[in-house]
Amino acid sequence: MFEGFRKRLGSIFSSRNREEVFKKSELGERVFEALVESDVSIGVAERISDISEKFVEKSGGKITQSQMLSIIRRSVKSVLDSVESPVDILKPPKKPYVIMFLGVNGGGKTTTIAKLAAYLRSRGSRVVLSASDTFRAGAIEQIAHWSNEVGVELIRHEKGSDPSSVAYDAITHAVARKMDYVLIDTAGRMQNNKNLVEEMKKIKRVAKPDMTLLILDAMIGQDALIQGKSFMDDVGFDGLVITKLDTDAKGGLLISLCYELKKPVYFIGTGQRAEDIMEFDSNWYLERLFPESFN
Ligand SMILES: Nc1nc2c(ncn2[C@@H]2O[C@H](COP(=O)(O)OP(=O)(O)OP(=O)(O)O)[C@@H](O)[C@H]2O)c(=O)[nH]1
Ligand SMILES: [Mg+2]
């Protein structure tokens, strides 16, 4: 995970020399390039390379590798910390706490819901799933399989039925049984699919979720940013889940998503199994991007 990020930043300095004299603009340029190649968006890469340049200027051109990594690490941390602080989903302010999931097809919505259900259940919460992807063939069977696998209830209707009424039934079910969470699966959409956008808006109107999470797939790199902006404009969401981080070598995508979308990352997906989910922790992420500077 993230090996490309570490390699690219490491290669700014020649392998023999961990202390070099740089011209101000030369270091900034190399930092900028290494970050952009690691999937950091141009806006963030510019900001971080400016900070590095200022440091080099102050220190008379001389900089060590560990100083540079520590400057970049601090800048990345400030980007992650600038995002609004997340609600603690594990201590929900109301019952049932209703979470709706959005995202394009194949991004990992249904799998994330199964993982999260298993996680919440292991902490003693009672969870019901809403099979509100009534659009894709096999979607209801897929979530039914997961609900058996992880041992939580599922509310389902026929394929093609109204997804918002499934969500409504799931919430009613949870209220009657004083359950803790309702997790609403939805149909993935290709970008610009107007019907599915209208469907998502309707589910949101009817179910009034306490939290809407957008699922973004790390495998698609910078396109995730375009998807994020388009979901922001079309439907709106409160936070992010980044899936398939186990396949992400470049590592910088998460920084760009936080910076550009200004939404907190709640969970990350690190594999295909039910247990491959983690609450996002910026220190965990920073330690993986900058292992040397933690020594
Ligand atoms: N490696 C890896 N694969 C994942 C992760 N999360 C999901 N997947 C895989 O991604 C594929 C698509 O996942 P789904 O959960 O079906 O995606 P979806 O968003 O529900 O897709 P639609 O129902 O078509 O909209 C599956 O093969 C999952 O196993 C992850 O964190 N890591
Ligand atoms: Mg799905």
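## The shell around ligand 1

Sorted by class, the residues around ligand 1 comprise one nonpolar, 14 polar and six charged residues, where Ala, Val, Leu, Ile, Met, Phe, Trp, Tyr, Cys and Pro count as nonpolar, Asp, Glu, Lys and Arg as charged, and the others, Gly among them, as polar. The model is predicted, so that local features need pLDDT of at least 70 and side-chain atom pairs count only at pLDDT 80 or more, while totals for chains, interfaces and linings use all residues. Residues are numbered from 1 along each chain as its sequence is written, chains are lettered from A and ligands numbered from 1 in the order in which they are written, and side-chain values use heavy atoms, with hydrogens and water left out.

The shell holds 21 residues, of which the closest are G106, K109, T110, T111 and D246; a residue belongs to it if one of its heavy atoms lies within 4 Å of the ligand. Helix α5 (residues 109-122) contributes the most, with four residues; helices (H or I, at least four residues) and strands (E, at least two) are DSSP runs, numbered from the N terminus.

## Backbone contacts and burial

Oxygen atoms of ligand 1 lie 2.8 Å from a polar backbone atom of G106, 3.3 Å from one of G107 and 2.9 Å from one of G108, a polar contact here being a pair of N or O atoms within 3.5 Å. Taken alone, ligand 1 exposes 660 Å², and the protein buries 84% of that, with accessible areas from the Shrake-Rupley method and a 1.4 Å probe.

## The sheet

An open sheet of eight strands runs in the order β5-β4-β6-β3-β7-β8-β9-β10 with mixed pairing, two strands being paired if DSSP finds at least two bridges between them. Its edge strands, β5 (153-155) and β10 (277-279), each pair on one side only, and the twist averages 25° from one strand to the next.

Strand β3 (residues 97-102) pairs with strand β7 (residues 211-217) in the parallel sense over four bridges, and M100 has T212 in β7 as its bridge partner. Helix α10 (residues 253-261) packs on the sheet and touches β7, β8 (239-243) and β9 (265-269), its direction making about 165° with that of β8; contact means heavy atoms within 4.5 Å, and angles run from 0 to 180 degrees between N-to-C directions of axes fitted to C-alpha atoms, for helices over the stretch in contact.

## Backbone geometry in two loops

The peptide bond from K95 to P96 is cis, with omega near -10°, and P96 is placed in the loop between α4 (65-81) and β3. In the loop between α2 (24-37) and α3 (42-58) lies D39, a residue other than glycine whose phi is positive, near 75°.

How values were computed: A polar contact is a pair of N or O atoms within 3.5 Å; within protein, one must be able to donate a hydrogen and the other to accept it, and residues adjacent in sequence count only if both atoms are side-chain atoms.
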